Amino acid sequence: MAGLYVHVPFCRRKCAYCAFYSLPASEEARQRYAARLCAMLTCLPRPFPAVESVYFGGGTPPLLGADAIASILDAARRHPGVRNGAEITVECNPESTDAAFIDRIAAAGVNRLSFGLQSVHPEQLRRLGREHTPEDAARVLCEARRAGIHNLSLDVMLALPGQTETSLEETLAWCLGQDVPHLSAYLLSIEEGTRFAAEGVCPLPEDSQAALYLYAADRLERAGLFQYEISNFARPGYESRHNRCYWTLEEYLGLGPAAHSFWGGRRLAFPAELEAFLEAPDPWALLSDMGAGGDLAETVMLRLRLREGLPVEEAAHPGLAAETLLLRARPLLEAGLLRHTGGALSLTPRGALVSNSIVGLLLGF
Ligand code: SF4
(Lines give C-alpha, C1' and ligand atoms only; values in the text may rest on other atoms or scores of the structure.)
Protein backbone atom coordinates (compact mmCIF):
# COMPACT_ATOMS: atom_id res chain seq x y z
CA MET A 1 0.00 0.00 0.00
CA ALA A 2 1.20 3.54 -0.68
CA GLY A 3 -0.46 6.78 0.36
CA LEU A 4 -0.33 10.22 -1.14
CA TYR A 5 -0.74 13.26 1.11
CA VAL A 6 -1.38 16.65 -0.50
CA HIS A 7 -0.86 19.55 1.88
CA VAL A 8 -2.94 22.66 1.16
CA PRO A 9 -1.19 25.38 3.17
CA PHE A 10 -3.91 28.02 2.95
CA CYS A 11 -6.18 29.36 5.69
CA ARG A 12 -8.15 32.58 5.78
CA ARG A 13 -6.98 33.25 9.33
CA LYS A 14 -5.18 31.38 12.05
CA CYS A 15 -7.12 29.48 14.70
CA ALA A 16 -5.96 30.23 18.25
CA TYR A 17 -4.51 26.75 18.90
CA CYS A 18 -3.06 25.91 15.48
CA ALA A 19 0.63 25.25 14.88
CA PHE A 20 0.24 23.75 11.39
CA TYR A 21 1.92 25.52 8.51
CA SER A 22 -0.77 27.58 6.76
CA LEU A 23 -1.19 31.16 5.63
CA PRO A 24 -3.58 33.37 3.66
CA ALA A 25 -2.84 33.39 -0.08
CA SER A 26 -4.03 35.15 -3.21
CA GLU A 27 -6.07 33.41 -5.90
CA GLU A 28 -3.01 33.62 -8.14
CA ALA A 29 -0.78 31.85 -5.55
CA ARG A 30 -3.39 29.12 -5.14
CA GLN A 31 -3.55 28.51 -8.88
CA ARG A 32 0.24 28.41 -9.16
CA TYR A 33 0.32 25.99 -6.24
CA ALA A 34 -2.14 23.59 -7.87
CA ALA A 35 -0.25 23.75 -11.18
CA ARG A 36 3.01 23.04 -9.35
CA LEU A 37 1.58 19.95 -7.63
CA CYS A 38 0.26 18.58 -10.94
CA ALA A 39 3.65 19.12 -12.58
CA MET A 40 5.47 17.43 -9.67
CA LEU A 41 3.33 14.33 -9.98
CA THR A 42 4.38 13.88 -13.59
CA CYS A 43 8.04 13.94 -12.45
CA LEU A 44 7.80 11.14 -9.90
CA PRO A 45 10.36 8.41 -10.57
CA ARG A 46 9.05 5.47 -12.60
CA PRO A 47 8.04 2.82 -11.79
CA PHE A 48 6.15 4.08 -8.75
CA PRO A 49 3.46 2.05 -6.94
CA ALA A 50 -0.16 3.01 -7.57
CA VAL A 51 -1.60 4.69 -4.51
CA GLU A 52 -4.33 3.24 -2.30
CA SER A 53 -5.25 6.44 -0.50
CA VAL A 54 -5.09 10.14 -1.26
CA TYR A 55 -5.54 12.70 1.50
CA PHE A 56 -5.94 16.45 0.93
CA GLY A 57 -5.14 18.02 4.29
CA GLY A 58 -4.27 21.42 5.51
CA GLY A 59 -4.68 24.16 5.99
CA THR A 60 -8.04 24.44 4.33
CA PRO A 61 -8.25 22.32 1.15
CA PRO A 62 -11.53 23.91 -0.05
CA LEU A 63 -9.59 27.18 -0.49
CA LEU A 64 -7.70 25.49 -3.32
CA GLY A 65 -10.98 25.15 -5.19
CA ALA A 66 -12.78 22.08 -6.47
CA ASP A 67 -11.34 22.32 -9.99
CA ALA A 68 -7.79 22.39 -8.66
CA ILE A 69 -8.46 19.34 -6.46
CA ALA A 70 -9.94 17.55 -9.49
CA SER A 71 -6.87 18.44 -11.62
CA ILE A 72 -4.46 17.14 -8.97
CA LEU A 73 -6.44 13.90 -8.76
CA ASP A 74 -6.40 13.59 -12.55
CA ALA A 75 -2.64 14.10 -12.55
CA ALA A 76 -2.22 11.47 -9.80
CA ARG A 77 -4.36 9.02 -11.78
CA ARG A 78 -2.11 9.46 -14.81
CA HIS A 79 1.03 9.03 -12.69
CA PRO A 80 1.72 7.36 -10.31
CA GLY A 81 -1.81 5.91 -10.68
CA VAL A 82 -4.58 5.60 -8.11
CA ARG A 83 -6.07 2.16 -7.54
CA ASN A 84 -9.78 1.61 -8.15
CA GLY A 85 -11.56 1.83 -4.82
CA ALA A 86 -8.85 4.00 -3.26
CA GLU A 87 -9.91 6.11 -0.30
CA ILE A 88 -9.82 9.77 -1.36
CA THR A 89 -10.32 12.20 1.51
CA VAL A 90 -10.63 15.97 1.63
CA GLU A 91 -10.41 17.79 4.97
CA CYS A 92 -12.88 20.67 5.11
CA ASN A 93 -13.92 23.49 7.36
CA PRO A 94 -17.72 23.73 7.44
CA GLU A 95 -17.80 27.45 6.62
CA SER A 96 -15.49 27.07 3.59
CA THR A 97 -17.55 24.29 2.00
CA ASP A 98 -20.72 24.50 -0.08
CA ALA A 99 -22.89 22.24 -2.23
CA ALA A 100 -21.19 23.21 -5.52
CA PHE A 101 -17.74 22.37 -4.09
CA ILE A 102 -18.91 19.02 -2.74
CA ASP A 103 -20.68 18.08 -5.99
CA ARG A 104 -17.59 18.86 -8.04
CA ILE A 105 -15.13 16.94 -5.86
CA ALA A 106 -17.55 14.01 -5.56
CA ALA A 107 -17.70 13.90 -9.37
CA ALA A 108 -13.87 13.92 -9.39
CA GLY A 109 -13.82 10.78 -7.22
CA VAL A 110 -13.51 12.12 -3.67
CA ASN A 111 -15.28 9.58 -1.45
CA ARG A 112 -14.50 10.69 2.11
CA LEU A 113 -14.84 14.05 3.85
CA SER A 114 -13.47 15.04 7.23
CA PHE A 115 -14.92 18.16 8.84
CA GLY A 116 -13.30 20.17 11.63
CA LEU A 117 -16.24 20.66 13.99
CA GLN A 118 -14.29 20.89 17.31
CA SER A 119 -17.34 21.82 19.43
CA VAL A 120 -20.98 22.78 19.12
CA HIS A 121 -20.71 25.55 21.70
CA PRO A 122 -20.54 29.03 20.15
CA GLU A 123 -18.43 30.34 23.04
CA GLN A 124 -15.89 27.51 22.69
CA LEU A 125 -15.77 27.95 18.90
CA ARG A 126 -15.22 31.68 19.31
CA ARG A 127 -12.38 31.07 21.80
CA LEU A 128 -10.75 28.64 19.34
CA GLY A 129 -11.02 31.22 16.57
CA ARG A 130 -13.31 29.02 14.47
CA GLU A 131 -15.77 30.74 12.18
CA HIS A 132 -18.45 28.09 11.73
CA THR A 133 -21.61 27.24 13.61
CA PRO A 134 -23.04 23.76 14.25
CA GLU A 135 -25.70 24.63 11.66
CA ASP A 136 -22.94 25.06 9.04
CA ALA A 137 -21.64 21.60 9.94
CA ALA A 138 -25.10 20.01 9.76
CA ARG A 139 -25.66 21.65 6.36
CA VAL A 140 -22.40 20.33 4.85
CA LEU A 141 -22.98 16.82 6.18
CA CYS A 142 -26.36 16.89 4.50
CA GLU A 143 -24.85 18.20 1.24
CA ALA A 144 -22.19 15.48 1.34
CA ARG A 145 -24.80 12.73 1.67
CA ARG A 146 -26.89 14.26 -1.07
CA ALA A 147 -23.77 14.11 -3.29
CA GLY A 148 -23.35 10.41 -2.43
CA ILE A 149 -20.47 10.74 0.06
CA HIS A 150 -21.36 8.73 3.17
CA ASN A 151 -17.86 8.12 4.53
CA LEU A 152 -17.88 11.18 6.80
CA SER A 153 -15.77 12.15 9.78
CA LEU A 154 -15.94 14.90 12.38
CA ASP A 155 -13.06 16.25 14.49
CA VAL A 156 -13.83 17.29 18.04
CA MET A 157 -11.49 18.75 20.64
CA LEU A 158 -11.17 17.57 24.22
CA ALA A 159 -9.94 19.57 27.21
CA LEU A 160 -10.87 22.98 25.81
CA PRO A 161 -10.58 25.87 28.29
CA GLY A 162 -13.69 25.75 30.44
CA GLN A 163 -14.93 22.43 28.97
CA THR A 164 -16.91 20.26 31.37
CA GLU A 165 -18.27 16.74 31.03
CA THR A 166 -21.70 18.29 30.38
CA SER A 167 -20.51 20.55 27.56
CA LEU A 168 -18.46 17.71 26.03
CA GLU A 169 -21.51 15.44 26.23
CA GLU A 170 -23.51 18.03 24.28
CA THR A 171 -20.90 18.06 21.51
CA LEU A 172 -20.66 14.25 21.39
CA ALA A 173 -24.44 13.84 21.45
CA TRP A 174 -24.70 16.30 18.56
CA CYS A 175 -22.14 14.31 16.54
CA LEU A 176 -23.85 11.00 17.29
CA GLY A 177 -27.15 12.58 16.28
CA GLN A 178 -25.60 13.29 12.87
CA ASP A 179 -24.89 9.55 12.54
CA VAL A 180 -21.36 9.96 11.16
CA PRO A 181 -19.38 6.71 10.92
CA HIS A 182 -16.04 8.22 12.03
CA LEU A 183 -14.98 10.66 14.69
CA SER A 184 -11.56 11.95 15.76
CA ALA A 185 -11.23 13.32 19.29
CA TYR A 186 -8.00 15.17 20.06
CA LEU A 187 -6.85 16.57 23.38
CA LEU A 188 -6.01 20.25 23.05
CA SER A 189 -2.33 20.92 23.51
CA ILE A 190 -0.91 24.42 23.78
CA GLU A 191 1.75 24.61 21.07
CA GLU A 192 4.53 27.16 20.86
CA GLY A 193 3.93 29.92 18.32
CA THR A 194 0.13 29.78 18.65
CA ARG A 195 -2.16 32.54 19.85
CA PHE A 196 -3.11 30.43 22.86
CA ALA A 197 0.58 30.19 23.85
CA ALA A 198 1.05 33.94 23.39
CA GLU A 199 -2.01 34.63 25.55
CA GLY A 200 -0.71 32.28 28.25
CA VAL A 201 -3.73 29.98 28.02
CA CYS A 202 -3.16 27.09 30.41
CA PRO A 203 -4.15 23.52 29.57
CA LEU A 204 -6.78 21.97 31.84
CA PRO A 205 -5.30 20.09 34.80
CA GLU A 206 -4.15 16.60 33.84
CA ASP A 207 -6.84 14.84 35.85
CA SER A 208 -9.57 16.89 34.10
CA GLN A 209 -8.03 16.07 30.71
CA ALA A 210 -7.95 12.39 31.63
CA ALA A 211 -11.57 12.43 32.83
CA LEU A 212 -12.79 14.08 29.61
CA TYR A 213 -10.79 11.68 27.42
CA LEU A 214 -12.08 8.60 29.26
CA TYR A 215 -15.62 9.97 29.15
CA ALA A 216 -15.41 10.47 25.37
CA ALA A 217 -13.85 7.05 24.74
CA ASP A 218 -16.54 5.28 26.76
CA ARG A 219 -19.41 7.35 25.35
CA LEU A 220 -18.38 6.78 21.73
CA GLU A 221 -17.73 3.06 22.20
CA ARG A 222 -21.16 2.61 23.77
CA ALA A 223 -22.65 4.36 20.73
CA GLY A 224 -20.97 1.87 18.36
CA LEU A 225 -17.99 3.99 17.30
CA PHE A 226 -15.08 1.74 18.26
CA GLN A 227 -11.79 3.19 19.38
CA TYR A 228 -9.47 1.80 16.74
CA GLU A 229 -6.68 4.27 17.54
CA ILE A 230 -5.79 6.51 20.49
CA SER A 231 -7.74 9.47 19.07
CA ASN A 232 -9.95 7.83 16.44
CA PHE A 233 -13.32 6.09 16.60
CA ALA A 234 -15.26 4.41 13.81
CA ARG A 235 -18.00 2.02 12.92
CA PRO A 236 -16.49 -1.23 11.61
CA GLY A 237 -15.31 -0.71 8.04
CA TYR A 238 -14.97 3.07 8.34
CA GLU A 239 -11.48 3.30 9.87
CA SER A 240 -9.31 5.82 7.99
CA ARG A 241 -7.22 3.79 5.58
CA HIS A 242 -4.91 6.71 4.95
CA ASN A 243 -4.09 7.30 8.60
CA ARG A 244 -3.63 3.58 9.14
CA CYS A 245 -0.81 3.70 6.65
CA TYR A 246 1.03 6.12 9.01
CA TRP A 247 0.54 3.86 12.02
CA THR A 248 1.49 0.63 10.25
CA LEU A 249 4.59 2.13 8.64
CA GLU A 250 3.38 1.82 5.06
CA GLU A 251 5.04 4.16 2.60
CA TYR A 252 3.47 7.51 1.85
CA LEU A 253 4.56 10.56 -0.04
CA GLY A 254 3.63 14.06 1.15
CA LEU A 255 3.54 16.96 -1.30
CA GLY A 256 3.69 20.62 -0.33
CA PRO A 257 5.53 22.88 2.10
CA ALA A 258 5.87 21.25 5.54
CA ALA A 259 4.59 17.92 4.19
CA HIS A 260 6.36 14.82 5.50
CA SER A 261 6.92 11.48 3.77
CA PHE A 262 8.04 7.99 4.69
CA TRP A 263 9.61 6.53 1.63
CA GLY A 264 12.26 3.88 1.00
CA GLY A 265 12.82 3.57 4.76
CA ARG A 266 13.62 7.31 5.09
CA ARG A 267 11.72 10.18 6.73
CA LEU A 268 11.60 13.10 4.27
CA ALA A 269 10.15 16.60 4.53
CA PHE A 270 9.65 19.72 2.46
CA PRO A 271 10.56 23.00 4.18
CA ALA A 272 7.65 25.04 5.52
CA GLU A 273 8.08 27.80 2.93
CA LEU A 274 5.39 28.35 0.33
CA GLU A 275 7.37 30.89 -1.70
CA ALA A 276 10.38 28.58 -2.01
CA PHE A 277 8.07 25.74 -3.03
CA LEU A 278 6.48 27.87 -5.76
CA GLU A 279 9.73 29.41 -7.02
CA ALA A 280 12.21 26.51 -6.91
CA PRO A 281 13.32 25.42 -10.41
CA ASP A 282 12.91 21.81 -9.16
CA PRO A 283 10.73 21.58 -6.02
CA TRP A 284 11.74 17.92 -5.53
CA ALA A 285 15.25 19.23 -4.81
CA LEU A 286 13.84 20.92 -1.67
CA LEU A 287 13.03 17.57 -0.09
CA SER A 288 15.22 17.04 3.01
CA ASP A 289 16.23 13.66 4.31
CA MET A 290 15.37 13.62 8.03
CA GLY A 291 16.94 10.22 8.64
CA ALA A 292 15.99 6.56 8.74
CA GLY A 293 12.42 5.65 9.75
CA GLY A 294 10.59 2.54 10.80
CA ASP A 295 13.03 1.48 13.52
CA LEU A 296 12.05 -0.44 16.64
CA ALA A 297 11.12 2.67 18.66
CA GLU A 298 8.83 3.92 15.87
CA THR A 299 7.29 0.50 15.41
CA VAL A 300 6.46 0.19 19.12
CA MET A 301 5.16 3.77 19.36
CA LEU A 302 3.00 3.64 16.22
CA ARG A 303 1.62 0.10 16.54
CA LEU A 304 0.61 0.72 20.14
CA ARG A 305 -1.62 3.56 18.95
CA LEU A 306 -3.84 1.01 17.22
CA ARG A 307 -6.48 -1.10 18.93
CA GLU A 308 -4.98 -4.30 17.51
CA GLY A 309 -1.73 -3.22 19.15
CA LEU A 310 1.81 -4.42 18.81
CA PRO A 311 2.21 -8.07 17.76
CA VAL A 312 4.84 -9.37 20.18
CA GLU A 313 6.52 -11.52 17.55
CA GLU A 314 6.67 -8.61 15.10
CA ALA A 315 8.34 -6.42 17.72
CA ALA A 316 10.87 -9.13 18.53
CA HIS A 317 14.16 -7.79 17.35
CA PRO A 318 17.88 -8.38 17.98
CA GLY A 319 17.69 -5.53 20.52
CA LEU A 320 14.42 -6.64 22.13
CA ALA A 321 13.57 -10.31 22.58
CA ALA A 322 9.89 -11.25 22.95
CA GLU A 323 10.57 -12.50 26.51
CA THR A 324 12.10 -9.14 27.48
CA LEU A 325 9.16 -7.26 26.00
CA LEU A 326 6.67 -9.40 27.93
CA LEU A 327 8.69 -9.05 31.13
CA ARG A 328 8.64 -5.26 30.80
CA ALA A 329 4.92 -5.35 29.97
CA ARG A 330 3.97 -7.38 33.08
CA PRO A 331 3.61 -4.47 35.58
CA LEU A 332 1.73 -2.46 32.96
CA LEU A 333 -0.66 -5.37 32.39
CA GLU A 334 -1.17 -5.68 36.15
CA ALA A 335 -1.83 -1.94 36.42
CA GLY A 336 -4.54 -2.16 33.75
CA LEU A 337 -2.63 0.06 31.30
CA LEU A 338 -1.96 -2.67 28.71
CA ARG A 339 -3.84 -5.71 27.42
CA HIS A 340 -2.22 -8.85 26.01
CA THR A 341 -4.62 -10.57 23.64
CA GLY A 342 -4.20 -12.54 20.46
CA GLY A 343 -0.40 -12.35 20.73
CA ALA A 344 -0.40 -8.54 20.77
CA LEU A 345 0.06 -5.85 23.41
CA SER A 346 -2.40 -2.97 23.23
CA LEU A 347 -3.23 0.09 25.32
CA THR A 348 -6.33 0.29 27.48
CA PRO A 349 -8.06 3.72 27.44
CA ARG A 350 -6.21 4.57 30.69
CA GLY A 351 -2.96 3.40 29.11
CA ALA A 352 -3.60 5.66 26.10
CA LEU A 353 -3.33 8.64 28.45
CA VAL A 354 0.27 7.75 29.33
CA SER A 355 1.29 6.13 26.05
CA ASN A 356 4.66 7.89 25.81
CA SER A 357 5.75 6.60 29.20
CA ILE A 358 4.56 3.09 28.30
CA VAL A 359 6.56 3.12 25.06
CA GLY A 360 9.62 4.24 27.03
CA LEU A 361 9.19 1.46 29.59
CA LEU A 362 8.72 -1.21 26.91
CA LEU A 363 11.85 -0.04 25.12
CA GLY A 364 13.80 -0.05 28.40
CA PHE A 365 14.50 3.71 28.48
S1 SF4 B 1 -8.41 25.92 9.80
FE2 SF4 B 1 -7.17 24.19 10.52
S3 SF4 B 1 -5.15 24.49 9.60
FE4 SF4 B 1 -6.28 26.44 9.40
S5 SF4 B 1 -5.63 27.64 11.15
FE6 SF4 B 1 -7.51 26.56 11.75
S7 SF4 B 1 -6.84 24.63 12.66
FE8 SF4 B 1 -5.09 25.51 11.56
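Reply: Happy to. In E15, Leu347 is the bridge partner of Leu338. This is a predicted model, where local features need pLDDT of at least 70, side-chain atom pairs count only at pLDDT 80 or more, and totals for chains, interfaces and linings use all residues. Residues are numbered from 1 along each chain as its sequence is written.

Me: What makes E14 and strand E15 (residues 344-347) a pair?

Reply: Two strands pair if DSSP finds at least two bridges between them. E14 and E15 have four bridges, in the antiparallel sense, so they meet that definition. The names come from DSSP runs numbered from the N terminus: helices are H or I with at least four residues, strands are E with at least two.

Me: Why do strand E13 (310-311) and strand E14 (338-341) stand at the edges?

Reply: The open sheet has three strands in the order E13-E15-E14, with antiparallel pairing. E13 and E14 each have a single partner strand, so one side of each is left without a neighbour in the sheet.

Me: Which strands form the hairpin where Gly264 takes a positive phi?

Reply: Those are E10 and E11, with two residues between the strands and a phi near 60° at Gly264. Strand E10 (residues 260-263) and strand E11 (residues 266-269) pair in the antiparallel sense over four bridges. His260 stands opposite Ala269 in E11.

Me: Why is Ala159 called buried?

Reply: A residue is buried if 20 or more other C-beta atoms, placed from the backbone, lie within 10 Å of its own, exposed if 12 or fewer, and partly exposed in between. Ala159 has 21 other C-beta atoms within 10 Å, so it is buried. Ala159 also has a positive phi of about 65° although it is not a glycine, and it lies in the loop between strand E5 (151-158) and helix H6 (165-177).

Me: And what makes Asp179 count as buried or exposed?

Reply: Asp179 has 12 C-beta neighbours inside 10 Å, so it counts as exposed. Phi of Asp179 is positive too, near 60°, and its place is in the loop between H6 and strand E6 (182-187).

Me: What makes a set of residues a nonpolar core?

Reply: Its members are buried Ala, Val, Leu, Ile, Met, Phe, Trp, Tyr and Cys residues joined through C-beta atoms within 7 Å. The largest such core has 95 residues, and among those that touch the most other members are Val6, Val54 and Ile69. Helix H2 (residues 66-78) gives the most to this core, with six residues.

Me: How do you know that domain 1 and domain 2 are in contact?

Reply: Two residues are in contact if their C-beta atoms, placed from the backbone, lie within 7 Å. Eight residues of domain 1 are in contact with seven residues of domain 2. On the domain 1 side, H8 gives the most, with four residues. The bounds, 2-246 for domain 1 and 296-363 for domain 2, come from an automatic or database domain assignment.

Me: Which residues surround the ligand?

Reply: The list includes Cys11, Lys14, Gly58, Gly59 and Asn93; a residue is near a molecule if its C-beta atom, placed from the backbone, lies within 6 Å of it. Gly58 and Gly59 are joined by a cis peptide bond, with omega about 15°. Gly59 has its place in the loop between strand E2 (51-58) and H2.
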